[in-house]
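Q: Please walk me through this model feature by feature. Keep it brisk.

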Amino acid sequence: MQAFASNWTRPYAMNHPGQPYEVADFELMTTILSALMWRKENGSIRMITDRVGERFYRSLGLAPIWDDGISPELDAVPYTIDPSTFWAAGKLYALCCVPAPCVMMDTDFIVWNCIQERLEDSQLTVIHREPLTQEIYPAPDAFDLYEDYTFPKEWNWDAPACNTAFCYFGSESLRQSYLHQAMDFIHGVRGRDSLIYMVFAEQRLLAMCAESLGIPIDALSTTEALFSQDQKDFTHTWGFKQAMAEYPQLRKAFCRKCARRIRRDFPEYTRICSNIPVLRSYFTEA
């Protein structure tokens, strides 16, 4: 099964002007394991990024982890899109490059086991649905939009959002409709906010678009089950990344655990990882 990950570096450049691009050690670990585990259990995977991202990964020797290649299509993301408001817009532009059936997967999401049978008959599968909290998913009148943009009348604003850290598109018509509606919305936004516009375009809009087309939405898990200690199929570090960034001991413990898994399951990549400066210590420890 074809999957892709993406990395648009323009938001980093905006937040770190004049600084070279870099990725934290724990982010690199999940990026590596995400790609390698998908290849082991479920199929092929590619990385869709921009020239900065491609140079970065190639400079670390990481290009081989994506068996379907690494390429800079995200250089084409228009500069009219504000990276601080639409920080994950690159993910949507990456989806434009990959027809259904396909899996869109974040670099901080790992699938540990084969899930192909769970996706076979689905037109849309996400990792879990999300409740519509007012702070994250506000009412339509909260958005500052240009006058020529209007929300489609057929959208159901009560539909729970779709978390797209993992998202399988089995329907090409849905993929195209979702991208068309998301791009229309992005270009119709006049306001600036670092949360509500992006999660609407990426997650809430998908649920409403699928429902308007009569397409059922399957979920692999729930929020509670995903972050349960009993979870064996998936790891999503989204909520844990801030803690790892703030507490070095948490970060180091996590990276050591990832290094042990890579040494055990993918020994052929141990040398590559041990040559990466920010990861070297985790692979050279006794």
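**Reading the model**

A: Leaving aside neighbours within four places in sequence, T30 is in contact with T107, D108, I110, T237 and F254. Contact means heavy atoms within 4.5 Å. This is a predicted model: local features need pLDDT of at least 70, side-chain atom pairs count only at pLDDT 80 or more, and totals for chains, interfaces and linings use all residues. Residues are numbered from 1 along each chain as its sequence is written, and side-chain values use heavy atoms, with hydrogens and water left out.

Q: Where is T30 found, and is T30 buried or exposed?

A: Start with the terms. Buried means under 20% relative accessible area, exposed over 50%, and partly exposed in between (1.4 Å probe, protein chains only). Helices (H or I, at least four residues) and strands (E, at least two) are DSSP runs, numbered from the N terminus. T30 is found in helix α2, residues 25-41. T30 counts as buried because its relative accessibility is 1%.

Q: Which residues does A259 touch?

A: Not counting residues up to four places away in sequence, A259 touches M29, Y282 and F283. A259 has its place in helix α10. At 0% relative accessibility, A259 counts as buried. The C-alpha atoms of A259 and M198 are separated by 33 Å, and these two residues lie 61 apart along the chain.

Q: How do I check the span of helix α6?

A: The expected span of a helix is 1.5 Å times one less than its number of residues. Helix α6 (residues 172-188) has 17 residues and should span 24 Å; its end C-alpha atoms are 24 Å apart, which agrees. The buried residues of α6 include L174, Y178, F185 and I186. The buried residues of α6 pack against α4 (89-95), β6 (124-130), β7 (161-169) and α7 (196-212).

Q: How many salt bridges are there?

A: A salt bridge is a side-chain nitrogen of Lys or Arg within 4 Å of a carboxyl oxygen of Asp or Glu. By this rule the count is 17. One of the pairs is K91 with D106, at 2.9 Å, N to O. That pair links distant parts of the chain: K91 sits in helix α4 and D106 in the loop between β4 and β5 (109-111), 15 residues apart. K91 is buried at 6%, while D106 is partly exposed at 21%.

Q: What separates R261 and D265 along helix α10?

A: R261 and D265 are four residues apart in helix α10, so about one helical turn separates them. Their side chains meet in a salt bridge (2.7 Å, N to O). R261 is partly exposed at 26%; D265 is buried at 17%. Salt bridges that share partners join K40, R261, R264 and D265 into one network.

Q: Which peptide bond is cis?

A: The bond from A100 to P101 is cis, with omega near 0°. P101 has its place in the loop between α4 and β4 (102-105).
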